[in-house]
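Reader: I would like to go through this model with you. Could we begin with the overall fold and then turn to the packing?

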Amino acid sequence: MKNKCDVDYDYYAELLKAIGHPVRLQIVAGILCDECNVNGIVEKLNIPQSTVSQHLGVLRSRGIITAHKDGVSTCYKVSNEFILHIITLMKKS
């Protein structure tokens, strides 16, 4: 039985590494409240679409964001509660 002091440090370290890149951190913070497609992220960050797609792939593979189709667009949203909490704290400081 797990007690409240048991923490999966490997899991949290992987999540923190994923958002540790400045572009990924900006992507996550930018779509925190609104779902956003790749074109919207490209416009907001003024970086190439291929770069955004690579970073989105990392965030999806870690379970930080999820995607769903909206017509021909793919929309992204932050789905990891731990990351939501971290970004919320970051925005308050």
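Reader: How many helices and strands does the protein have?

Author: The secondary structure comes to five helices and two strands, which are DSSP runs numbered from the N terminus (helices: H or I, at least four residues; strands: E, at least two). This is a predicted model, in which local features need pLDDT of at least 70, side-chain atom pairs count only at pLDDT 80 or more, and totals for chains, interfaces and linings use all residues. Residues are numbered from 1 along each chain as its sequence is written, and side-chain values use heavy atoms, with hydrogens and water left out.

Reader: In what pattern do they follow along the sequence?

Author: The pattern is α-α-α-α-β-β-α.

Reader: At what angle do H3 and H4 pack?

Author: Helix H3 (residues 38-45) and helix H4 (residues 49-61) pack at about 115°, with axes 9 Å apart. Axes are lines fitted to C-alpha atoms, for helices over the stretch in contact, and angles run from 0 to 180 degrees between N-to-C directions. H3 is therefore roughly perpendicular to H4 (65 to 115 degrees).

Reader: Which residues meet there?

Author: Val38, Ile41 and Val42 in H3 meet Gln49, Val52, Ser53 and Leu56 in H4.

Reader: Changing topic, which residues does Ile83 contact?

Author: Leaving aside neighbours within four places in sequence, Ile83 is in contact with Leu15, Ile19, Val28, Ile64 and Val78 (contact: heavy atoms within 4.5 Å).

Reader: What share of the protein is buried?

Author: Buried residues make up 31% of the 93 residues (buried: under 20% relative accessible area, 1.4 Å probe, protein chains only).

Notes: Angles under 35 degrees count as roughly parallel, over 145 as roughly antiparallel, 65 to 115 as roughly perpendicular and the rest as oblique. Buried means under 20% relative accessible area, exposed over 50%, partly exposed in between (1.4 Å probe, protein chains only).
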